[in-house]
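Thanks for coming, everyone. I'd like to walk you through one structure today, so let's get it up on the screen.

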Amino acid sequence: MQNIINFEKFHKEGFLILKNYLNQEIIRDILKSIEILVDKNLGKELDTNLENKILELEKIDHKLVYVIQKSLGTSIFSHKLINDLKIADIHSYLYSIDKHKIHTHLFQTPIQFPEDDRFDFSWHQESGSYMPFPKILTFWFPLLNNVNKTNGSMALIPQSHTNGQRKYKYIEKESGLNDWIVEASEEELKRNIIVDLQPGDVVIFDSDLIHKSVGNKSENIRITGIARSTNLYDYNKIMYMAEPTNYFNKEFQK
């Protein structure tokens with residue numbers, strides 16, 4: 001881990017950017033897995049690219065797109081991706097805990113549409129959004145198209161994690177998005193940076209780091225991957241991170 005992870009820089013800044021960390025083959029496999037789910041929901045295979053297929057599905061019902069973002073977490077290639085990220089090694093190294101205590105949340109692939117801020121987050125912390133989980137390490141990375149100030153991305157405030165979890169104001173946006181908003185000082189806001197990554201790059205950050213969505217001003221959709229890990233041993237009781245299919249509601253069985 002010492003060869004790829006700068007321990008001191010992570011704990012000072014609250015994040016690290018790993019360039020060319022994921023290979024392109026696993027990214028292609030993830031995108032193909034998404035496309036197959038999109039085709040299933042469309043009920044046909046359109047002779048066009050993945051972006052256009054997703055745009056067609058969005059016209060029908062955004063819920064169908066949302067379900068794909070979540071359901072991809074159980075794809076076999078998502079499990080391979082989780083392994084390729086070396087989450088257990090990195091989390092264990094950064095927080096000095098036994099790898100056997102580390103569990104992951106359900107992997108998901110948020111899709112951000114052009115000029116659509118319905119699902120953009122304000123300044124927040126993962127520690128507030130995912131109460132009562134004690135410490136989360138987040139891996140965030142582009143899968144389709146670069147992320148930057150034009151295509152949409154994430155803004156973060158270096159060193160904003162050092163004061164721990166802050167008070168938040170919970171709101172539910174008209175779109176249904178849950179947002180746990182925190183306040184940052186003027187000095188902190190001056191330090192904020194917009195993450196600029198290409199597919200293959202990964203940013204990892206501490207759960208107390210303040211960050212927010214950056215709107216997509218381009219003409220293309222943006223797909224990113226989010227993997228989160230946590231120390232299950234720190235919880236008050238053991239719980240499972242995702243609902244098994246056997247226990248889905250009756251709608252699933254129709």
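Helix α2, residues 24-42, and helix α5, residues 76-84, have axes that come within 9 Å and cross at roughly 150 degrees. Please keep in mind that this is a predicted model. Are these two helices roughly parallel or roughly antiparallel? Angles over 145 degrees count as roughly antiparallel, and therefore α2 and α5 are roughly antiparallel to each other. As for the hand of the crossing of α2 and α5, it is left-handed.

Now over to the strands. There is an open sheet of three strands, paired antiparallel, in the order β8-β5-β10. The edges belong to β8, at 193-194, and β10, at 211-214; each has a single partner strand, so one side of each has no neighbour in the sheet. Let me zoom in on one of those pairings: β5, residues 153-156, runs antiparallel to β10, and four bridges join them. If you want a residue pair to click on, S153 has V214 in β10 as its bridge partner.

Next, a hairpin. Strand β6, residues 169-172, pairs with strand β7, residues 178-181, again in the antiparallel sense and over four bridges. Which residue of β7 is the bridge partner of Y170? That would be W180. Five residues lie between β6 and β7 in this hairpin, and in the turn G176 has a positive phi of about 100 degrees.

That brings me to backbone angles. Most residues other than glycine have a negative phi, so here are two residues to look at. S96 has a positive phi, near 55 degrees, and sits in the loop between α6 (87-95) and β2 (102-104). Is S96 buried or exposed? Its relative accessibility is 62%, and exposed means over 50%, so S96 counts as exposed.

E115 also has a positive phi, with a value near 50 degrees. You'll find E115 in the loop between β3 (111-112) and α7 (126-129). With a relative accessible area of 63%, E115 is exposed.

Key: Residues are numbered from 1 along each chain as its sequence is written. This is a predicted model: local features need pLDDT of at least 70, side-chain atom pairs count only at pLDDT 80 or more; totals for chains, interfaces and linings use all residues. Side-chain values use heavy atoms; hydrogens and water are left out. Axes are lines fitted to C-alpha atoms, for helices over the stretch in contact, and angles run from 0 to 180 degrees between N-to-C directions. Angles under 35 degrees count as roughly parallel, over 145 as roughly antiparallel, 65 to 115 as roughly perpendicular and the rest as oblique. A crossing is left-handed if the near helix is turned anticlockwise from the far one by less than a right angle, and right-handed if clockwise. Two strands pair if DSSP finds at least two bridges between them. Buried means under 20% relative accessible area, exposed over 50%, partly exposed in between (1.4 Å probe, protein chains only).
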